[in-house]
Each structure stands twice: as structure tokens, then as C-alpha cells.
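Student: Please take me closely through one part of this model, the strand pairing. Then link it to its surroundings and to other spots worth a look.

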Amino acid sequence: MIQMTARRSSPSPLRSRLRDRPPGLAASLLGGAVAAGLGLGSLAVLVMVLWVSSPYPDSGPDGALHIAAALWLLGHGVELVRTGTLSGAPMPVGVSPLLLLVLPVWLLYRAARDATDASVEPDGPPPVPARTAWTGVVLGYLGVGVAAGLYCSGGELRPHWGWMTVCLPAMAASVAGAGVWSAYGHPPQPVLRVLAVLPGPVRRLVSGPDEPARLGAAVRAAGAATAVLLGGGALLVGVSLVGHGESARASFLQLTEGWTGRFAVLLLGAALIPNAAVWAASYALGPGFVLGPGHLVSPLGSAPAPPLPPFPLLAAVPDPGAGTPQHWMVGLVPAVAGMTAGWFVARAAVRRPEPGEPVRARWSALQTVRVVLLTAMVCAVAVALLAVLAGGSLGVAALSRLGPPWWRTGGAAGVWTPVFALPVALIARAWRLYRHRPRGGIPAQGAGAGAGSTAVPGAKGGEAALAPTAGAKPGTPGAAGPGANTGGAAVTAEPGKGAAPPDPAGAGRAPLDPAGAGRTAGGDGAPAPGGGRSAQAAADADGASGSKGWGRGKGRTGTGGAGRRGTPSGDTDTDAEADLYDFVPAADPFPTPFTEPLAPDRHADEARASRRAALREAGILDVPGPAARPRSGRPPVEPQPEPRPDHRPAAHPDPGPGSRPDPRPGA
């Protein structure tokens, strides 16, 4: 017998690594590469359209694609080197148009956010780990960036590899990290880890039980202040261009001829408008900007600028000379930015309360000051970063330094912001506390609640209970003595206590008087709150009032209760009889014909009896049954029939066969 064995081949290391790779890495790599390709492709399409429409296509399509790749790298902050100069010496090109950075940043952010594959459904698959998604997107994006740098390295505009190894990875890592952080719901842990490496004074500004809230409020306020600064800078650029309109128009026409070239210059100027806004914001803050070494332009004074190439935006540079009050008015821009930051901090310190809730201050005045200082620091960092991106060099000698000095611009923003934000934040905080304060006190619980209310909640119709009014004297119509019947559960008004529980035994209670429903305790004919029994029916059952009997028309000899309608000695037979007719019952919705006798409804009687028995067991309604007898020893009075709504006599019951006359003759 030949034994055949199957030898299992050991998996290769490469296969093991592919099998054990983290899930989602390939998709993240592809997402980063696609984001870089889309940004590069969109810019290449625009450059190719301009090249095709140009009347002087000196280079072929390969040269146009080289320019597109170089401009894509320039938008990421990578400095380029221009080789085709008249002197033959290479010239640096380091001013990055900020508008070229918008599309790549947005594409990379979306790619990192989608790489986590976070499901909207709560029971969906788990998302890709954050580190895996971030690593894949960054590597995929950098792969396309390195390929673009290698491609355009042989053209006239070549990337500076030192800047490329710093700027491109830094931008890709930061934007991809923001996308992954946003996809995971903005957790505060990564931000707090970054804050842990900061100096102690900065950490103390954020430290506290609500660190994420303080940092979030500071970031939002700093973002609003930075937006106001940039908006004010763009406004200053527009005003200056209008004032120097002749110079701007002349430089625009001098650069090129033909509509294609002028359209290209117009696009370049539009891409540099954010840079000009940052320059103008630095001018408004005070440090100004430089046009070559030793040539500073600021509101206090402008040095004579060196000869500059003709360009429409450079024509908006203020004239040289000492500053005038018109130049000093640009200080309104950082002032408004600081006030905006203070208002945002005040809104975060005192939020709008919900309806019915008291206003509460989220932070004290000292904590609000700390948040304002933190806002100033964040604003200073943001403005300094924008100043770094907006400046650069366009050559050597006079054009070696262009743009605002980043460290002075950031420091000025950090000083201007708290100067105007602190008073606005404190005043707005106090105003919001005063504006949203509760007015008119706390509303009562429930409609009709208040002092002196005698209606017990839950009572219905004529079975409503009457509670003693606070502050009423014994013996007055509005007061109920100890043990007085209230038509339901006995209610006592003791200081600091609520309503007493119902008495299950039902001692000392009187049967309901159907004619007294809806009367007040004083007997003045006005209905009681909630529709309760009359005080006379309650006094009949009170043993302390000296009642002699339960029969209708029996006078009272005691003096415990006040007389009806103001009589001093009690009710007479006429008054007791009149109680039955004070309130006319509602009309019968189904009237019975006059000649038709009333047939007894056995099912309705059984249902009524069972309902009353349940009410008696619950202690809500205590009506003595057929076998119950009063304490006075007198037999209970049979209830009298109520008058019909149409005042017709009720049908006579059948007297029985013994009393019916015999219709037979001779009987």
C-alpha cells in the first residue's frame, strides 16, 4: 500500500503580510492618490485650454503639462526655480497663490474623511482605524506628488527639493489628520495630547473641567476674528485699487497683448487676491509688509519702493511718505476683529436658556478672561501662518523678500485681539445675563393653581372635594372643621404637609346630595371650583353640628353651620326643598314619549351599581348601601324622583294585578 501525503507549503512572507494587512489600507491609498490626481488634472485642463487658445504656443503640450505640475506644487507651498531667464541665472519663485491651495486641500480632506468608511447606521460595520486611514491617504497623496515633482524637474519651472520634502508632507499630513479627526466626531483626546507639549501658562488657560468647550470657543472666536481681518484687508485692497485705477489699468495692458494673455493675467491676479488680503491685514495691524530688503510699507510711513514689475495688484501699494489720518483709519479693521472675537466668547460664556429655565453663566468673569487670552493666542498663530504662506520671493536683490513679516504680524494680532475683545466679552456677558434673566417669577404648576384654591385635582363633576382655604377662620363658609366631609377623600391643610390620605372606613361622611352639586361652601348660589357639593349637605353628616336626622325638611337645632342665604338659624323645610330646584338638570338627549312607560334597564343598573361599589372601595365615593343605617338610628330616606326636564309627569308604574280594575262585565 502506497501512502500518499499532502505537503502543505508554508506561506511566503509577502503573502502573509498581504493577508494580515490592516483592513482599508488599499482603499485609503487609492483615495489619497485619486484626490491628488483630481487636483492635478483640474489644473492641467485649465493650463491646456490657455495653451490651445494662445496665439504664441512656443512650447508643445509637454511644456504646458510641465507648467501645470509646477503650479500644482507651488500651490502646496513648494518653492520653484525658474531656469529660462535672460541672465541665465536661476531665479526663485516662492510666492504661492493661496487660491490654488483651496481645491487640493478640500479634495484631500474629503478623501481622508471617506477613507474611514464610517457608517451612518448604528449597527453598521466598524470604521477603518484612524491610523490606517491617515497613513494610506498620506502615502497615496505623496506618491502622486513625488511623481509630479519628478515629471516637472526637467522643465523651466523646477521644484526645489528641499522645500518639497518639507512643505508637501506637512500639508498632506495636517489636512488628512483633520479629515480623519472630523470623521470620528471631533474627539478631544488628540487635541489635548498636542496641548500637553505646550508651555505651562498656555496649558493653564485651557485646563479645567471643560477643556474641550474652552478650546472650541477659542477656536471659533479666533476663526471669526481672522475672517474679519481678511475681509477688511480685501476691502482695503479694493479701495486702493480704485484710488490707483490708472496705474492698475496701465500695468494690466502693458503685460501682454491679446485676450488670451490678458485672461491669463486676470486669472493670476484673482489667484493672488487672498495673498493681497493678508498683506493688507498686516498693514492694518501695524507691521505692514516689505517690498524688498529695507523697504517697509506701514500706516505710520512707507519707504520708497524699488522698481517693481508692472502688475495690477502691486499698483495698489500706498504711496511713499509719512502716514496721514486717512492711513491711520485702517486701525478700525483689527478693532472690529477684536470686538467680534469678544462677542463670540460672550456667547459661549452665557448661552441662551431654554424656555422655562433660568439663565446660567457657563464661565465666571475670570474664566471668560482666560478664554479671551486663549483666543488671542490662537488668532496670533493663525495670522502668522497665513503671513508665511502669503509671502515669499520672486527673484533676487529687490524681489528677494515680499510680503508681511510673519512673526511681527502674528504678534500684532495677539495684542490687538485682547485689547478690544476683553471689554466686549465682559460687557456682553453681563448684558446676556441681564437680558435672559427670569421675569415675573417662577410660573405656578398647572392652570388655576394658587393660594386659596379649594378644588382637589382629579375630582369630577358633583363629586369634587372641597379643601379648606389657607388662612380661613373656623366657622366661616370657606373653612372646614376637623373631620368635616368634603365629598370624597378628607383633605386637611396642615403646615408643611400635603393632602391627607383618604379614609377607608368612611366614618363621619354623609351621602351625596344630588341637588347640591356645584354649590359653594357659603351657600350663596355660586358654583364651587371644580363643581363640588353644597356645604349644607356636608353639615348634615357632621356629628359636631348637632344634626337630628337625615330626612329632607328636618330642621337643624345646632349652631355649628351658618344658615343658607344668610339665615342665622339654619335651613327650614322650604329652604331644604328649594335645594332640589336650584339647578335644572340637563335635557334628556333621548326623551321618552309621554304615553310610553319607562322600562327598567337591567344592564345599566348593574353597571351603575358596580361602578359605585368600586368608588366606595377606593374611598373616592362613600354612599351607604341598602343595609347601611345612619348613626341617629333613623331609617334612610328613599330618594325622591327628580323632576323631568320637560316638566311632564312620569309614567305611573304598574300597580299590580290586585289593584287593576277588571274590564270584564259583571266583575
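Tutor: Start with a definition: two strands pair if DSSP finds at least two bridges between them. Strands themselves are DSSP runs of at least two residues, numbered from the N terminus. Keep in mind that this is a predicted model.

Now the part itself. An open sheet is built from 5 strands, in the order 7-6-5-4-8, with antiparallel pairing. Strand 7 (321-322) and strand 8 (402-403) stand at its edges. Each has a single partner strand, so one side of each lacks a neighbour in the sheet.

Look inside the order next. Strand 5 covers residues 296-298, and strand 6 covers residues 301-302. Their antiparallel pairing rests on 2 bridges. That meets the cut-off of at least two bridges. Take S298 as an example: its bridge partner in strand 6 is G301. What holds such partners together? In general, strands of a sheet pair through backbone hydrogen bonds, either parallel or antiparallel.

A helix joins the picture. Helix 12 (residues 273-285) packs on this sheet. The helix touches strand 4 (289-291), strand 5 and strand 8. Its direction makes about 115° with that of strand 4.

Strand 1 (residues 80-82) pairs with strand 2 over 3 bridges, in the antiparallel sense. Within that pairing, R82 has M91 in strand 2 as its bridge partner.

Next, side chains. The model has 2 salt bridges. One joins D210 and R214, with the closest N and O atoms 3.1 Å apart. Both D210 and R214 are buried. The E246 and R249 side chains also form a salt bridge, at 3.3 Å from N to O. Why do these two sit about one helical turn apart? E246 and R249 are 3 residues apart in helix 10 (residues 245-255), so about one turn separates them. E246 is exposed, with a relative accessible area of 57%. It counts as exposed because its value is over 50%.

The surface also has a nonpolar patch. L46, W259, F263, L266 and L267 form it, with about 520 Å² of accessible area together. Helix 11 (residues 259-271) gives the most to this patch, with 4 residues. F263 lies in helix 11. F263 is partly exposed, with a relative accessible area of 38%.

Finish with two loops. T116 sits in the loop between helix 4 (102-115) and helix 5 (130-152). T116 is buried, with a relative accessible area of 0%. Not counting residues up to four places away in sequence, T116 touches P127, V128, A133, V180, A183 and Y184. H186 belongs to the loop between helix 6 (161-183) and helix 7 (189-195). H186 is not a glycine, yet has a positive phi of about 55°. H186 is partly exposed, with a relative accessible area of 44%.

Technical notes:
Residues are numbered from 1 along each chain as its sequence is written. This is a predicted model: local features need pLDDT of at least 70, side-chain atom pairs count only at pLDDT 80 or more; totals for chains, interfaces and linings use all residues. Side-chain values use heavy atoms; hydrogens and water are left out. Buried means under 20% relative accessible area, exposed over 50%, partly exposed in between (1.4 Å probe, protein chains only). Patches are made of residues with over 30% relative accessible area and no salt bridge: like charges are joined within 9 Å, nonpolar side chains (Val, Leu, Ile, Met, Phe, Trp, Tyr) within 5 Å. Accessible areas come from the Shrake-Rupley method with a 1.4 Å probe; for residues, only the protein chains shown count as cover. A salt bridge is a side-chain nitrogen of Lys or Arg within 4 Å of a carboxyl oxygen of Asp or Glu. Contact means heavy atoms within 4.5 Å. Axes are lines fitted to C-alpha atoms, for helices over the stretch in contact, and angles run from 0 to 180 degrees between N-to-C directions.
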